[in-house]
Amino acid sequence: MQGGKYLADGKSQSLFRDKPIKVLLAKPGIDGHDRGMFVLARAFRDAGMDVLYAGLLPTPEDVVNTAVNEDVDVVALSLLNGAHLTVFKKVMDLMKERGIDDISVVGGGTIPDHDRPKLEKMGITGNYGPGTPLKVIIDHITERAAEARQKKNRI
Amino acid sequence: MQSRDYYSRKLNELKSRHSGNPDRERWRRETLAPWNQKTGYGGKEYRNSSEIPIHEIYTPGDLPPDYDKKELGLPGEYPFTRGIYPNMYRGKLWTMRMFSGFGTPEDTNRRLKYLISHGESGLSIAFDMPTLYGYDCDNPRADGEIGRCGVNISSLKDMETLFRGIDLSKISTSMTINAPAAVLTAMYVAIAKKQKVPLDSISGTVQADILKEYIAQKEWMYPPEAHIRIIRDMMTYCSVNLPKWNYISISGYHIREAGSSAAQELAFTLADGFYYIDLGMKAGLPVEKFAPRLSFFFNSSIDFFEEIAKMRAARRIWATVLKEKYDVNDPRSLLMRFHTQTSGYTLTWQQPINNIIRTTIEAMAGVLGGTQSLHTNSYDEAWALPSEEAVKIALRTQQIIAEESGIPATIDPLGGSYYVEWLTNQMEEKAYEYFDRIEKMGGMLEAIKKGYIQKEIAATSYRRQMRIESGEEVMVGANKYQDSSEKPIGILKISKKAQDAQIARLKKVKITRDKAKVDAILGRLEDAMRDPEENLMPHYLEAVEAYCTLEEISNAGRKVFGGWKEPVIV
């Protein structure tokens, strides 16, 4: 049993839960290291998110198409093969080309410190390395999903 | 003699030999409990990665009375628990084989020569991701990936450069390549022919263990049946032409890195091994011809005794099943030879120098487990491919164990430890439980195609991650003893120039070769692929020698065999 709740002005009184955060997990390069992806997929699901996994070796085009078709809030990219600067950029370029700004993009993998600002500049945030606590990643996705939702609801 | 229900009968036999230990029960009651009460110790449960609960103490009561004679034996004697050779490291140290490859073939050629000059005794080549998946360096999908995770090989020209100045008759080479393993074997043969080294004297290994690709590493090009047919062709071809070539390295390493427990690594790797035994037999090869050419590759992780027990159990299971289930009597066919690599996933990104210590412990476990060759990871490998300085320390780690520690002087020095023997038995039992379950599912290939093996591993991996998150499992520097004053380490950077150089070389190859000949050969290769009775190896050799590229050769198969989508497990 949950007691009544005070609401801020304009907040919905609906008893149904908000639509869960929808995340697409993708490794958009030639990289089969998927242990971390499977862990994240389960952890995100346990955190109440709606999780999609792009499968093995999707191209940047595949990733952007799926993200748009499924209308996700966040695309979470991971690479452990050192190609993040080239390949993550391709995903961002495609999104820009197609005028998509209501989907947030986050990154992770074996990303050296000196590459992080370069990715941030492209609009890819997070860029977490191995050993990052799941809570940090989940909080970051939640934050970036809220941004995306705001943009989706702007009309 | 392929006996039905062998695994479930064997499991029952093992279980009947392992019972409780009354000595420990008495000691717990009379000595331990009062002590704990007096000191206020509430007790703590220890479990290893295989979910085996670890007792406080082990005694002779943990082993059956005839254990020494029946399960343990002596080195070089069945069932080989104590080692496959009578004199083990007294006769010959393990081969120090450092997995290396990055950038262009020139870069890697320099690294190989550097390692040889520092006392490395065997080569081990790492390829980049496009090569592992059979894509050339000029494929748009490969942009940004050339030379990043290993050396790039797009045609025989690259392979010639890679081995320039290295005499193939003097050194053995291990190549970590799976989906295109037959093509890389053909390239190695072509280089040997150019160097005028007789083919029956070249020695080395290709990984070519495609089953574990579908389980863990996920590097395939075609459906499983097509790759299995190519492996069969390699087995048949090599048993005649390359008698010293190890054409499959049955690998648990990747299964473990994908998050399995030690017991799962043991069980799934051996189940793969038995599948290849069945494959060779079905191809009509005499077992004493091909079984001695199968080698294994294990992970050595951080739980010291669990790893040692795993390796000892692996040797014993392999010999026992081949003898009892497959009726193999040729002594050489019963020997499990294996390579060991220290664990990648235990290395931390944080405080990376600590990784030297982890690698040392893991390398010692490999040696005490009786490995035939060893790769030690470099401390910077959570970050990138190793720098020259880091790889030298990793090699020195092995040299210190070999030449200073005194460990190699005694064969299986932990043999007879009540704990290690008990744990070896426990690991063995866990493996037979899986063999039985897999057999009932219709065999290993079926279990993989259904996603059963992958799901088992993912579940273990998730459980471990939860334990790390909660702090129950400690990773020093990562989830305990963090240090915010850490300074970044220098790491190896791969320049994008490697990609440009590779593309330029490939362009030149394509201009200078005989295009009509290339087309004709690729056409014949496709025809051969359509005929399951045809052996593909001579066709691969013809193709690489005419400078058909890796991707052109791989695409012939993509056309004929199609691709494969993995079962959904998330």
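Residues are numbered from 1 along each chain as its sequence is written, and chains are lettered from A in the order in which they are written. In this predicted model, local features need pLDDT of at least 70 and side-chain atom pairs count only at pLDDT 80 or more, while totals for chains, interfaces and linings use all residues; side-chain values use heavy atoms, with hydrogens and water left out.

**View 1. The interface of chain A and chain B.** About 2900 Å² is buried between chain A and chain B, with carbon and sulfur atoms giving 60% of that area; buried area is here the accessible area (1.4 Å probe) that two parts lose on being put together, summed over both. Ile30(A), Arg35(A) and Phe38(A) supply 24% of the area that chain A buries against chain B, more than any other three residues. The contact, defined as heavy atoms within 4.5 Å, takes 40 residues from chain A and 39 residues from chain B.

View 2. On the side of chain A that touches chain B, the elements giving two or more residues are helix H1 (35-46), helix H3 (84-97) and helix H5 (134-152) of chain A, and H1(A) gives the most, with eight residues. Helices (H or I, at least four residues) and strands (E, at least two) are DSSP runs, numbered from the N terminus. Between chain A and chain B the count is two salt bridges, a salt bridge being a side-chain nitrogen of Lys or Arg within 4 Å of a carboxyl oxygen of Asp or Glu. The side chains of Asp34(A) and Lys218(B) form a salt bridge at 2.7 Å, N to O.

View 3. At the start of H9(B), a side-chain oxygen of Asp209(B) reaches to within 3.4 Å of the backbone nitrogen of Leu211(B), and just after H9(B), Lys218(B) takes a positive phi of about 65 degrees.

**View 4. Salt bridges within helices.** Over all chains the count comes to 55 salt bridges. In helix H5 of chain A, Lys135(A) and Asp139(A) lie four residues apart, about one turn of the helix, and their side chains meet in a salt bridge at 2.7 Å, N to O; Lys135(A) is exposed, with a relative accessible area of 56%, whereas Asp139(A), at 38%, is partly exposed. In helix H14 (residues 304-324) of chain B, Lys310(B) and Glu307(B) are three residues apart and therefore separated by about one helical turn, and their salt bridge spans 2.6 Å, N to O. Lys310(B) is buried, at 0% relative accessibility, and Glu307(B) is likewise buried, with a relative accessible area of 0%. Elsewhere, salt bridges that share partners join Glu51(B), Arg463(B), Arg464(B), Arg467(B) and Glu473(B) into one network.

**View 5. The buried residue Asp73(A).** Asp73(A) lies in the loop between helix H2 (60-69) and strand S3 (74-79) of chain A, and counts as buried because its relative accessible area is 2%. The side chain of Asp73(A) makes a polar contact of 2.9 Å with the side chain of Arg149(A). Leaving aside neighbours within four places in sequence, the residues in contact with Asp73(A) include Pro20(A), Lys22(A), Asp102(A), Ser104(A), Ala145(A) and Lys152(A).

Conventions:
A polar contact is a pair of N or O atoms within 3.5 Å; within protein, one must be able to donate a hydrogen and the other to accept it, and residues adjacent in sequence count only if both atoms are side-chain atoms. Buried means under 20% relative accessible area, exposed over 50%, partly exposed in between (1.4 Å probe, protein chains only).
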